Amino acid sequence: MRYMAAETIDLEEFAAKARAGLDAATDEAALESWRVAHLGRKGTLTSVLRKLGSLEMDERRRIGGEANKLKNELEAALKAKLSDLHGQRIATTIQEGQIDVTLPGRSKRVGRLHPITQTVRQIVDIFVSLGFSVAEGPEVETDYYNFEALLLGRDHPARDMQDTLYIDFVRDGVYPFMMRTHTSPNQVRFMEKHQPPIRVVVPGKCYRNEATDPTHEWMITQIEVLAVDEGISLADLKGTLFEFAKRMFGQERKVRFRCDYFPYVEPGVDMAIDCFLCNGKGCRTCHQEGWIEIMGAGMVHPKILTNMGYDADRVTGFAAGMGAERIALLLHGIEDIRRFYQNDLRFLEQF
Ligand code: PHE
């Protein structure tokens with residue numbers, strides 16, 4: 001039996017056949033069978049490449065190189081023919097009037113920020129411009145941070161107003177994990193990790209067990225404000241929050257502070273602005289009161305400062321918390337808080 005030498009691989013002959021076959025193929029089906037026959041897994045070129053192994057080293061290199069070049073050439077030629085055919089088909093379709101190229105294109109719908117996201121950013125921007133930085137905290141909170149560390153002990157009656165959604169997990173007879181009811185736990189979280197001076201705002205979603213109505217929603221967005229430093233007084237609280245109110249609701253705004261109770265501040269206040277719709281005369285938005293309450297605030301309770309390891313004789317602080325939905329309702333004159341989360345585009349697209 002004669003030894004089959006390397007020269008038996010005749011690339012030239014294969015190339016000539018393949019090129020002729022490609023020339024002859026005039027529709028997509030013919031091109032596809034040509035591709036399978038020549039370039040496919042069981043095609044002729046593949047079997048040529050498979051035979052390379054039986055060649056001498058030098059021959060293997062030479063023929064291998066040429067075969068690869070040929071493969072690239074044939075693939076490119078095939079691609080060009082296919083795209084030609086495609087172009088022809090479109091041209092025919094247009095000629096036959098099946099495509100009206102003068103029709104306007106379909107524009108993509110552009111998204112936008114949710115009105116509450118816009119409001120949160122507006123609020124946060126004001127505090128950033130006053131020297132505050134921004135932090136975040138978890139929405140699933142522990143009993144310790146949401147209540148206990150804020151001096152809302154287990155039997156504290158103020159807990160009743162902040163019933164929430166609990167995570168279905170009991171330890172020692174209690175549910176230790178819950179959806180946070182306010183952003184105030186981040187006062188403690190931030191103070192644990194930082195030393196005064198502190199200037200920080202913490203925006204985020206909060207949850208409550210609510211029978212929803214036009215002014216109550218089970219998910220709301222709060223912005224917590226915290227400033228801790230030597231020599232911070234109630235005057236700083238008032239000055240800062242007044243400046244915020246003016247930038248948010250107009251320079252001519254007046255503010256009113258009244259006593260309020262939150263276990264984690266002493267003294268505690270609620271802040272109201274004069275109604276920016278009726279300028280304090282009394283209207284539907286302010287329920288004929290002339291004033292609109294927009295946030296709770298107060299001086300951080302010295303007990304908490306001590307718990308954080310701060311020297312409460314030197315260091316003082318103020319904290320405040322406001323609801324973004326309430327502020328957005330007021331700013332836009334919206335009559336029902338539930339609109340924000342009903343995902344009705346007719347509503348959302350107005351912002
Ligand atoms: N956490 C309070 C609330 O949810 C608001 C508040 C924050 C009050 C900080 C005092 C200080 O209503």
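Guide: Helices here are DSSP runs of H or I with at least four residues, numbered from the N terminus, and they are read from a predicted model.

Visitor: Is T44 buried, partly exposed or exposed?
Guide: Not counting residues up to four places away in sequence, T44 touches F14, A37 and H38. Its relative accessible area is 32%, and since buried means under 20% and exposed over 50%, T44 is classed as partly exposed.

Visitor: How far apart in space are T44 and I223, C-alpha to C-alpha?
Guide: In sequence, T44 and I223 are separated by 179 residues. In space, taken from C-alpha to C-alpha, the separation of T44 and I223 is 71 Å.

Visitor: How are helices α5 and α10 oriented to each other?
Guide: The axes of α5 (residues 115–129) and α10 (residues 324–332) come within 9 Å and cross at roughly 100°. Because angles from 65 to 115 degrees fall in one class, α5 and α10 are described as roughly perpendicular.

Visitor: Which classes of residue make the contact of α5 with α10?
Guide: From α5 the contact draws on I116, T119, V120, Q122 and I123, while α10 contributes A324, E325, I327, A328 and L331. Sorted by class, these residues are seven nonpolar, two polar and one charged.

Visitor: Which residues have the most contacts inside the largest nonpolar core?
Guide: In soluble globular proteins, nonpolar side chains tend to be buried together. The largest nonpolar core in this model has 47 residues, and a second, separate core of 25 residues includes V188, V228, Y264 and A319. Beyond its neighbours within four places in sequence, M322 is in contact with residues including I123, F127, F244, I294 and I327. Those with the most contacts inside the largest core are F127, F244, I294 and M322.

Visitor: How many disulfides does the model contain?
Guide: C206 is buried at a relative accessible area of 0%, whereas C259 is exposed at 75%. A disulfide requires a pair of cysteine sulfur atoms within 2.5 Å, and by this rule the count is zero.

Key: Residues are numbered from 1 along each chain as its sequence is written. This is a predicted model: local features need pLDDT of at least 70, side-chain atom pairs count only at pLDDT 80 or more; totals for chains, interfaces and linings use all residues. Side-chain values use heavy atoms; hydrogens and water are left out. Buried means under 20% relative accessible area, exposed over 50%, partly exposed in between (1.4 Å probe, protein chains only). Axes are lines fitted to C-alpha atoms, for helices over the stretch in contact, and angles run from 0 to 180 degrees between N-to-C directions. Helices (H or I, at least four residues) and strands (E, at least two) are DSSP runs, numbered from the N terminus. Angles under 35 degrees count as roughly parallel, over 145 as roughly antiparallel, 65 to 115 as roughly perpendicular and the rest as oblique. Contact means heavy atoms within 4.5 Å. Ala, Val, Leu, Ile, Met, Phe, Trp, Tyr, Cys and Pro count as nonpolar, Asp, Glu, Lys and Arg as charged, and the others, Gly among them, as polar. A nonpolar core is a set of buried Ala, Val, Leu, Ile, Met, Phe, Trp, Tyr and Cys residues joined through side-chain atoms within 4.5 Å.
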